[in-house]
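Biologist: Could we go through the strand pairing together? Please show me the model.

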Amino acid sequence: MTEQGSANGRGMLLVVGLAVVLAFAWGVGSAQDAPKPAPASAPAGTVLKWGFEKENSNITPNHDAPIALVKDKAAVTEGGSALKITLKKGTTFQGIIITDPAILSGWDKAKSMALDVRNGSEDRLWLTVRIEDVNSTEEANRYEKGQGVVSGSGTVRVQIKDLVCPNGNKLDTSKLQKMILYVEPKGDADFFMDNLRLEGVN
Ligand SMILES: [Ca+2]
């Protein structure tokens with residue numbers, strides 16, 4: 001009985017000893033693991049080019065479009081403000097001209113350009129993206145394509161590989177000079193833009 005008890009005691013000591021060794025090993029292992037980064041709000045490779053948070057002298061109205069930075073919660077998708085274009089029936093080409101070199105750089109290393117938009121009207125509106133490089137002198141050698149934007153919020157996206165001019169030449173995305181974004185109003189409405197970004201940047 002005594003021997004049995006003694007054997008049990010040794011067994012228990014062995015189990016406790018093993019547990020201590022395992023716990024120590026576990027602790028050391030955990031300490032050596034690199035901390036995992038917190039999940040980012042945007043996918044890896046996304047680079048914000050303009051958040052419409054402040055005035056920019058290199059972003060000007062196209063065709064005298066009334067533009068303003070607003071803190072409209074329904075339209076803001078990045079930071080605290082978005083760009084509002086006040087559309088009026090009978091006007092055309094309402095939007096912005098971007099000539100900021102910082103916004104137009106790095107496109108050659110990206111897969112796509114994306115822009116969050118909000119169409120405050122009930123109509124499906126047509127948003128045109130025109131992009132020019134150093135060689136763009138006329139329609140034939142610039143990129144210009146429209147996309148339908150339904151009522152509400154959405155994202156307009158242009159694949160960089162699709163930046164081909166009517167003459168068949170690809171835009172030189174390392175030498176972009178200008179981007180014009182404009183909407184054709186169908187009536188009085190507000191149109192918003194935010195979070196102009198490049199995606200898939202390597
Ligand atoms: Ca913003």
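Biologist: Which residue is the bridge partner of Lys84 in strand 11?
Modeller: The partner of Lys84 there is Phe192. This is a predicted model, in which local features need pLDDT of at least 70, side-chain atom pairs count only at pLDDT 80 or more, and totals for chains, interfaces and linings use all residues. Residues are numbered from 1 along each chain as its sequence is written.

Biologist: How many bridges join strand 4 to strand 11?
Modeller: Five bridges join them, and the two strands run antiparallel. Another facing pair is Leu87 and Ala189, the latter in strand 11. Strands are DSSP runs of E with at least two residues, numbered from the N terminus, and two strands pair if DSSP finds at least two bridges between them.

Biologist: Is strand 4 mostly covered or uncovered?
Modeller: Strand 4, residues 82–87, is mostly covered, with five of its six residues buried. A residue is buried if 20 or more other C-beta atoms lie within 10 Å of its own, the C-beta atoms being placed from the backbone.

Biologist: What about strand 3?
Modeller: Strand 3 (residues 67–70) is joined to strand 4 by four bridges, in an antiparallel arrangement. Ile67 stands opposite Ile85 of strand 4.

Biologist: Back to strand 11: why is it largely enclosed?
Modeller: Strand 11 is largely enclosed by the rest of the structure because eight of its eleven residues are buried.

Biologist: Which residue in strand 11 is the bridge partner of Met113?
Modeller: That is Leu198. Strand 6 (residues 112–119) pairs with strand 11 over seven bridges, in the antiparallel sense.

Notes: A residue is buried if 20 or more other C-beta atoms lie within 10 Å of its own, exposed if 12 or fewer, and partly exposed in between; C-beta atoms are placed from the backbone.
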